[in-house]
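Hi,

Here is the structure I promised to send over. Have a look first, and then read on for my notes.

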There are 2 protein chains.
Amino acid sequence: MAKSNKCVVVKAHAIGIPGPENFEIIECPIPRLLPGGVLVRMLCASVDPGMRGWVSVEPNYMTIPVGTVMRAPGIGEVVESDHPNYSAGDLVYGMFGWAEWFAAEAKDIYWKIDTGIAPPPVWLGSLGINGITAWIGYRYFGRPKAGETLLVTTAAGSVGSVVGQLAKKDGVRAIGVAGGAAKAYLATAEFGYEQVIDYHGTPDLAAALRIACPEGIDIFYDNVAGTQADTAFPLLNPKGRVIQCGSASVSSWLPWPTGPRRERDMIVKRLSWHGFVVMDHADLFADALAELSELYADAKLCTRQDSLDGLENAPGAIQYLYSGMNTGKLSIKIAE
Amino acid sequence: MAKSNKCVVVKAHAIGIPGPENFEIIECPIPRLLPGGVLVRMLCASVDPGMRGWVSVEPNYMTIPVGTVMRAPGIGEVVESDHPNYSAGDLVYGMFGWAEWFAAEAKDIYWKIDTGIAPPPVWLGSLGINGITAWIGYRYFGRPKAGETLLVTTAAGSVGSVVGQLAKKDGVRAIGVAGGAAKAYLATAEFGYEQVIDYHGTPDLAAALRIACPEGIDIFYDNVAGTQADTAFPLLNPKGRVIQCGSASVSSWLPWPTGPRRERDMIVKRLSWHGFVVMDHADLFADALAELSELYADAKLCTRQDSLDGLENAPGAIQYLYSGMNTGKLSIKIAE
């Protein structure tokens, strides 16, 4: 066993998008197995848009304290276990951290993964929290019906790529917005979208959306907020459903930004609008994973991976994600 | 039978709050009974905040065409009937109009009223669409639990007055906002509220709300939008429910007003936000009316009426309602 544990710790909470100045790479001892938990050797760890909130100076549903290891969903190999369901050698998925070794409590372990079905990075993305997030937002809050029109922002992202493929399966017309021609192409070619608008290359997004959604929008799965959302709202149909999964386009909430008031649309169109955090819905995980694994096994769930090599790249990883340069689920490779 | 029918017709659609310039009083022939409908002699008709939208130049879920009788929920006596459920002499509640006589189609008739339970104006308000609106927003979308905190804007209004009394019955802590000390007093003394803030007399509404809601807000039943809503949102608790029933404080949506963005609150607090129009929920009317009638019979549903005498006062009635000078459910008395 190695003697040292390379870790990425939070150095300072961020205003806006966290960058290398907010993290520090340190060497510390390998942690001890916790009662009822497992000690894992990390193979890979996720980079997610929601992490911005975890290390923000602003209040959030979860905040990682300064001086502690940055938390992240990850895949690790169990090295020691004090939990009856897990043994040394198992590969497990859980809320671990950006570190070579992580001592997880029982509540942090999600489930075992089977590399016979898919390789580890897929279990972090389309068959992991991102895929489940897509499923819960779309199926549980979106209540889709065949023939409806769905609009998804960041259509080529780790969540949007799964939403489009679920919609295609359902006969729901999926229209996407993505940043850049390559992502727009990818979402159309691989992720089930009928049409994807590259908002970088589209001078008039409102006109493009009107043309793409001639019958209006029934479900708006929004990952970005901001002007893309402002452009979508007027196209929402009566009894439309808005799913707020992210707010990636808003770079800072200090000062708090303004936008068009929503109250009139809410009433006149009888909208429902739900924000959600995937971890509140553990009761739906098994259903979600069953449908997603089946799609994957049937080769109807395309996935794309973008991996940063080594924890040295972790401090800049959230910034890289928000730059939009990745073209697949972003993760950090820690070990083989 | 009278020879002539005094009617209030829409003269021009309004920008902002409609006033006398948007209506015209004319004499026209008594309408003919429609197939399957009833001809009623109107006793009283309602004045509701939502009517602003019905005669607005802006698109709405319902628009009354220029040159036609202003529609309004009302109580009338059946004079002639071609409907098996209604006979001459019955008192009926329905979507009629600001007129002495109204020929209603079957779909416009809500239900018979029993003046042995309550007098006609109560059937327009707390036992009518306003009470049912309160019930659907609060019970169906609000999903209240005993011990929670509820905030209601226009707490002394025709809807707010019923919401407070339902909450009191449930052991939900109802806090209100009302315009003026008299309304704030009334809502506390009669409508079940634990505390009501007079926003006219309160220099710092945010501080007053924080003090009134030390455990935050679980359910926000909003009738006004605008700055009162902006002050309430930061106090919403995780899994809070927002019910958008009206937007009375916004005097015009041309140009479209802006306000604080909601996306971050939606996600971080996992909020649900519903706009609704009561007529979409006819399947819930019987349940609502059963509970409300029982409360009324047990003298646990206080109501206040404010009646304008005669159709001559109808053209200015919506303006009067938005001025906030009424202290009870506003209706127009048309005949005995």
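Below is what I found in it, starting with the overall picture and then going through a few spots.

First, a word on what you are looking at: this is a predicted model. Its scores are ipTM 0.88 and pTM 0.89. For chain A the average pLDDT is 95, and 99% of the residues score at least 70. Where pLDDT is low, the predicted coordinates should not be read in detail.

**How the two chains sit together**

If you turn chain B by 180 degrees, with a shift of 0.0 Å along the axis, it can be laid on chain A with an RMSD of 0.0 Å. The two copies are therefore related as by a two-fold rotation axis. Which residue of chain B comes closest to that axis? That is B:W273, whose C-alpha is 2.5 Å away from the axis. As for the interface, 100% of the interface residues of chain B are interface residues in chain A as well, so the copies meet through the same surface.

**Aromatic rings**

Searching the whole structure turns up 23 aromatic pairs over all chains. One of them is A:W111 with A:F285: the ring centres are 5.9 Å apart and the planes are at 85 degrees, so this pair is edge-to-face. The pair links distant parts of the chain, since A:W111 is in strand 7 (residues 109–112) of chain A and A:F285 is in helix 9 (residues 285–297) of chain A, 174 residues apart. Both partners are on the inside of the 20% cut-off for buried residues: A:W111 counts as buried at 15% relative accessibility, and A:F285 is buried with a relative accessible area of 9%.

Another edge-to-face pair is B:F220 with B:F233, at 6.4 Å centre to centre and with 90 degrees between the planes. Here B:F220 belongs to strand 11 (residues 217–222) of chain B, while B:F233 is in the loop between helix 7 (226–232) and strand 12 (236–244) of chain B, so the pair ties together parts that are 13 residues apart in sequence. B:F220 counts as buried at 0% relative accessibility, and B:F233 is buried too, with a relative accessible area of 1%.

These two rings also belong to a cluster: ring pairs link A:F220, A:F233, A:W273, B:F220, B:F233 and B:W273. B:W273 is the residue I mentioned above for its place by the rotation axis, at 2.5 Å. In chain A, the charged end of A:R262 sits over the ring of A:F233, 3.9 Å from its centre. In chain B, B:R262 lies over the face of B:F233, also at 3.9 Å from the ring centre.

Helix 6 of chain A covers residues 205–212, and its buried residues are A:L205, A:A207, A:A208, A:L209 and A:A212. What covers them? The list includes strand 8 (149–153), strand 9 (173–178), strand 10 (195–198) and helix 7 (226–232) of chain A. The N-terminal end of helix 6 of chain A is capped by A:D204, with a side-chain oxygen 3.3 Å from the backbone nitrogen of A:A206.

Over in chain B, B:T231 is part of helix 7. A polar atom of its side chain lies 2.7 Å from the backbone oxygen of B:T227. Setting aside neighbours within four places in sequence, B:T231 is in contact with B:L205, B:A206 and B:L209.

**A buried aspartate**

Beyond neighbours within four places in sequence, the contacts of B:D306 include B:Y320, B:N326, B:G328 and B:K329. B:T327 is in contact with B:D306 as well; the two are 21 residues apart along the chain, with their C-alpha atoms separated by 6.4 Å.

**A lysine in a loop**

Last one: A:K11 is in the loop between strand 1 (4–10) and strand 2 (23–29) of chain A. At 43% relative accessibility, A:K11 counts as partly exposed. Apart from neighbours within four places in sequence, A:K11 is in contact with A:E21, A:N22, A:F23, A:E24 and A:V66. A:K11 and A:T68 are 57 residues apart in sequence, and their C-alpha atoms are 8.3 Å apart.

Cheers

Terms used. Residues numbered from 1 in each chain as written. Chains lettered and ligands numbered in written order. Predicted model: local features only at pLDDT ≥ 70, side-chain atom pairs only at ≥ 80, totals over all residues. Heavy atoms only, no water. Least-squares fit on C-alpha atoms with pLDDT ≥ 70 in both. Contact = heavy atoms within 4.5 Å. Buried < 20%, exposed > 50% of the residue type's maximum accessible area, 1.4 Å probe, protein only. Helix = DSSP H or I, 4+ residues; strand = E, 2+ residues; numbered from the N terminus. Polar contact = N/O pair within 3.5 Å; in protein donor to acceptor, adjacent residues only side chain to side chain. Phe/Tyr/Trp six-rings, centres within 6.5 Å; stacked < 30°, edge-to-face > 60°. Lys NZ or Arg CZ within 6 Å of the ring centre and 35° of its normal. pLDDT = per-residue confidence, 0-100.
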